[in-house]
Amino acid sequence: MRKFTASLLAGSLALAFTGSALAENPMVGGAAMYADKTIVENAVNSKDHTTLVAAVKAAGLVDTLSGEGPFTVFAPTNAAFEKLPDGTVDTLLKPENKETLATVLTCHVVATEAMSDAIGKMISDDGGNHPVKTVGGCMLEAKMDGDSITLTDENGNVATVTIADVDQSNGVIHVIDTVLLPKG
């Protein structure tokens with residue numbers, strides 16, 4: 001009986017550790033996100049980020065976001081892109097607008113890995129409003145709205161982090177509900 005109990009306990013512990021290892025990263029767009037894959041490798045599997053992936057490809061940023069990093073990417077969903085005025089996405093995806101598209105996308109990227117607890121601490125340490133300089137040269141304001149992190153761009157657009165801390169091999173993704181835009 002003692003061997004059976006020990007075996008049962010060992011099996012339960014193994015299952016618990018396996019389950020917790022699989023549950024570390026949240027699902028995004030119905031897909032598992034793997035901490036040993038890059039931002040691009042994971043993003044292509046999210047059904048909620050098909051517009052973002054198409055935009056990253058059109059802007060020529062696949063190699064950059066597949067690179068070593070670290071990066072923090074605030075990843076707008078398809079629904080976030082749909083909030084833009086009609087025709088905006090189609091216009092940005094045209095080859096002649098590649099540079100503008102790259103700027104818009106890099107306004108969602110920070111050249112460091114910042115998990116939500118670190119961002120929350122920076123916001124708190126800065127009295128409730130933390131400035132965030134992006135790779136694209138945009139200045140965002142990070143704030144807390146209850147338990148959620150919000151980001152405000154230079155035009156007053158406010159994005160809420162809807163899924164935080166999606167760990168990647170070259171950084172972290174935070175899913176957001178609004179596209180952030182350069183000053184204009």
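Which hand does the link of Cys-107 and Cys-138 have, right or left? It is right-handed, with 55 degrees about the S-S bond. Bear in mind that this is a predicted model. The sulfur atoms of Cys-107 and Cys-138 sit 1.7 Å apart, and a search of the whole structure finds one disulfide. The pair links distant parts of the chain, 31 residues apart. Cys-107 is in the loop between α7 (98-106) and β2 (109-110), while Cys-138 is in the loop between β3 (130-133) and β4 (139-145). Both Cys-107 and Cys-138 are buried.

Now the fold as a whole. The protein has eight helices and seven strands. It has 184 residues, and 39% of them count as buried. Taking contacts with a separation of 6 or more, 61% come from residues 24 or more positions apart.

Next, the interior. In soluble globular proteins, nonpolar side chains tend to be buried together. Here the largest nonpolar core has 27 residues, of which Leu-65, Val-73, Leu-105 and Ile-173 touch the most other members. Elements that each supply at least two residues of this core include α3 (50-58), β1 (71-76) and β7 (171-176). The most comes from α7, which gives four residues.

Take Leu-65 by itself. Leaving aside neighbours within four places in sequence, Leu-65 is in contact with Val-56, Phe-71, Val-73 and Val-109, among others.

Technical notes: Residues numbered from 1 in each chain as written. Predicted model: local features only at pLDDT ≥ 70, side-chain atom pairs only at ≥ 80, totals over all residues. Heavy atoms only, no water. Disulfide = S-S within 2.5 Å. Buried < 20%, exposed > 50% of the residue type's maximum accessible area, 1.4 Å probe, protein only. Contact = heavy atoms within 4.5 Å. Core = buried A, V, L, I, M, F, W, Y, C linked by side-chain atoms within 4.5 Å.
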